[in-house]
Structure formats: C-alpha cells, structure tokens
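Please read these remarks alongside the coordinates. They are in numbered points.

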Amino acid sequence: MSYKWNWGIFFQISPDGTHTYLQLLLFGAGWTIATALLAWAIALSAGAIVGVIRTSPIPWLVRLGNAYVELFRNIPLLVQMFLWYFVLPELMPQTIGDWLKQSSNASFYNAVICLGLYTSARVAEQVKAGILSLRSGQRMAGLAMGLTLPQTYRYVLLPMAFRIILPPLSSEFLNIIKNSSVALTIGLIELTAAARSMSEFSFQVFEAFTGATLIYIIINIVVVAGMRWLERRVAVPGFISLGQPAAAH
Amino acid sequence: MFANFDWDVIIRSLPYLFLDGMRFTVMLTLMATAGGIVIGTLLAMARLSNIPGLSHVAGAYVNLIRSMPLVLVIFWFYFLVPYIGQWITGASRPIQVGAFLSALVTFTLFEAAYFCEIMRAGIQSIPRGQVQAAQALGMGYWTAMAEIILPQAFRNMVPVLLTQTIILFQDTSLVYVISVTDFFGAASKVAQRDGRLVEMYLFAAAVYFIISLAASHWVRRLQDRIAIIR
C-alpha cells in the first residue's frame, strides 16, 4: 500500500488556525446531535398526531393521515432536503423567499424540519401499529366508562401503545442520527461533512473517516443504553415482557 | 407562482434523465439487491453458525455497517475501493475504478448488512424440527440449507426483502455526494445548467414518488397473496 498513515493528524491545527482536527470532528458531532434531537422532537409530535388520526373512526382523517405517510415515505430524503432548501423559497412570495434564503443557519433549520417530517411518517407508522396491536376491548372499555374518544386515547390507548413501540422507536432515533448526514448536501457541517473536509484539507482520508466512524459508534452505544434504561423504567409489570430479546436492534 | 414554469426543460431532458440517469439507478438497485441478498444470506448463515469466530466476525461487520450513515459508507468505499483493487490484482498503485463499480461495491456491501438481518429472521422463522428432520434423513448442512431451510426462509421474507429494495432504490440517490450521474444526479445537473431548480427537483420528486408508491402497493398485494397460500 502506498498510503501513509498518520494518526497524529487529529492533534494538528486545522486550516481555521485555532482548532485541531479532532475539535473540528467534535463540532461536527455537536451539529449532528443538535439536528437529530430537534428533528426528533418534530418527528415524535407530528408522528403521534398522524398515527392517532389514522386509527380514528373518521374516514377523511384516516385518508389524510395515509396520504401524509405515503408522501414522506416515497420520496428519497436527499430529494426532500433539496425541495425544502432550493425549491420552497422559490415558490414563496418574493419577500418570504428572500428571507428564507438569507437567514443565517438556513441549512440547519431546513435540515431539522425536513428530517423531522421525513421521520414523522415512520413514527406515525409505528404509532398506528402500536395502537392497532391493543385489543379492541380497551378502546370499547374506555368509551363505555364514559371517557370521550380523545380521553380514551390520552389515558388508555396511547400510554400502552407508546410502551409497546419503544424498541422500534429507538431504532428510528438511531436512524435520525444517521440520516442527519444527508444534510451535508445542503451545506450543514455535521459529523460526516466535518470528516470529509478534514480528509480534503489534510489528505489523511482514512484517519478522518475512522474518527467519524468511531464517534458514530459511541453515539450509537450511548443511545442504545439510554433506550434500554428507559424501557425498563416505563415497563408496566405483567403487561409487556421485557425479557424477550429484541429481533432487531 | 407556477406562471413562469418552464415545462419544456423537462421534456427536453427526458432522454438524458431516463436513458442515462434512470438506467444507472435501476441497474444499481437491481445488481446491489441481488449481490446484497447473496452476501447477506451468507452473513446470516455465518451469524447463526456455531463456529466460534465466524459468528462474531459476521456480527461485528453487520453492527459496524448498521451504525454508520450511508453517506459516510459511500465516502469510505469511494476512497477504499481503489486500494482493495490494488490488493486483489497486486498492482503497484491504487486502481482507478469507474463510478458505477465503486457505487455497486458500496451498496452491495452496505445493503448486505441489512439483508443479513432480514434473512436471519427468515431462517429463524423455520421450526427447529425441520432442521432435525433433514439431519435425520442424512442431509448435510449445505444440502439442508439449500433444499429445506433457505427456500422457505426466502419465501417468508419476500415482502420484507422487496420493501428493503424500495428503500435501496431511494437510497441510491445518495451517490450524488460522489458526483455520480444517477437519475437524481442527472436531474440536478440539468437543474444547475439551465437554472431550473424548481422544475427539475419537483419532477424528480414526482418520479421517485410514483415509482416507490406503485412498488410498495404491489408489495402489499403480493404480501396478501402469499399469506393466503401459506
């Protein structure tokens, strides 16, 4: 191999003059985490609403929810990023469009909204599956006790459904962290982008990507551990068996 | 707002978009799916084997790939494949490989990790008694796998494998980051050349949407059909 390894590169000063390459990667990881967390807040709230209306007894709401999920699931994330970043400002009235294009951190906000709505469709699928996995007697019992339909969802169905879908939700959370790397195409310097710029400035391609890979693995391990803790924390004794091994992790 | 839309730019670039771009996308999707399923099945067999080192190596590979974003994996292989080529052929310097081959290796090895998990679930869905029955009939490991286990595992998992293929079809758009001209790459080149971002990106989104939606509906119908027969 003609490749020259140099692991010391991480502690050398990067072209910005003040920070080392390692710090550059860590800033990238910070943007990755910030993007993923904010997008997750959108995904969880929008996904819960869409998932609920897809199980509601009102036909046009169900159709609306289905259309929402199909729309966000059948267009590649990269294309959605470009639609939000390049196309949306053009379709807006002139003043709003210019404001969208010129605002600082535009790529960050775009990435958060795009990733949040993209993931919300997946969360909605899980929420729907969770609600449907409950016996229909639960809904009937709630209504028979005099709860309104929203109350039945709030106090009977959703607390159980969310516990059931916690494992698939945690893998969606891992996905949102990974998917945030697509935002490099609209100029967000997250972890993968930071590794790529490090490789371009220092020519130490494989060290840069190894660094990024290790950081992704560490983030993954922390998230998985946190989710396991949460699963044990919210488990209802006798209802959802925790002992069974998860099929996919 | 749609008043100054230039629909003509789409018509003019149709041959380029579909004959160059979409052909690349479809070829990459089909070949990476085929390769990914073959390697994924072997990985699943390795993960389930009781040869001590083998299952750990396969498991480590799958977990490593699955914890990395696809974009990062594309970058990894983009720089790694020339060195792998040098290593295989014994050449004196890294080998230049074309964009298609580089993308194909990347997606095959990346998707193999995901297909592995699907096939592992498929193999585990076959009752243990069948393995024992095969052994009692005197079949060896490979015969039992090829004649008894894998055909059933594969058939049980066909809907999941096809859904993964639709995801792969959408994911191939990410070759954009190494400037390869797939369908989306072609659309984006026309968009930038003619300054027609709105038209081209909306058109690309519509094409992906229609193909993915049609394919996923077909998979759902297929799933129902298979469910009745079984």
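1. Basis. This is a predicted model, in which local features need pLDDT of at least 70, side-chain atom pairs count only at pLDDT 80 or more, and totals for chains, interfaces and linings use all residues. Residues are numbered from 1 along each chain as its sequence is written, and chains are lettered from A and ligands numbered from 1 in the order in which they are written.

2. Chain A, overall. Chain A has ten helices and zero strands (DSSP runs, H or I of at least four residues for helices and E of at least two for strands, numbered from the N terminus). Its C-alpha trace spans about 70 × 55 × 30 Å along the principal axes.

3. Chain A, burial and contacts. Of its 249 residues, 38% count as buried (20 or more other C-beta atoms within 10 Å of the residue's own, with C-beta atoms placed from the backbone). Among contacts in chain A with a separation of 6 or more, 73% join residues 24 or more positions apart; a contact requires C-beta atoms, placed from the backbone, within 7 Å.

4. Interface. On the chain B side 31 residues are in contact with 33 residues of chain A. Helices α3 (70-89), α4 (99-124) and α8 (197-229) of chain B each supply at least two residues of that side, and α8(B) gives the most, with eleven residues. By class, the side of chain B that touches chain A has 24 nonpolar, five polar and two charged residues. Here Ala, Val, Leu, Ile, Met, Phe, Trp, Tyr, Cys and Pro count as nonpolar, Asp, Glu, Lys and Arg as charged, and the others, Gly among them, as polar.

5. Packing of α5(B) and α6(B). The axes of α5 (residues 128-136) and α6 (residues 141-171) of chain B come within 10 Å and cross at roughly 140°; axes are lines fitted to C-alpha atoms over the stretch in contact, and angles run from 0 to 180 degrees between N-to-C directions. The contact is made by B:Gln130, B:Val131, B:Ala134 and B:Gln135 of α5(B) with B:Ala144, B:Ile148 and B:Ile149 of α6(B). These residues divide into five nonpolar, two polar and no charged.

6. Helix α7(B). Residues 183-194 of chain B form this helix of twelve residues, which reaches 17 Å from first C-alpha to last, close to the 16 Å expected at 1.5 Å a residue (1.5 Å times one less than the number of residues). Its buried residues include B:Phe183, B:Phe184 and B:Val190. B:Gly195, which follows α7(B), has a positive phi near 65°.

Notes: A residue is buried if 20 or more other C-beta atoms lie within 10 Å of its own, exposed if 12 or fewer, and partly exposed in between; C-beta atoms are placed from the backbone. Two residues are in contact if their C-beta atoms, placed from the backbone, lie within 7 Å.
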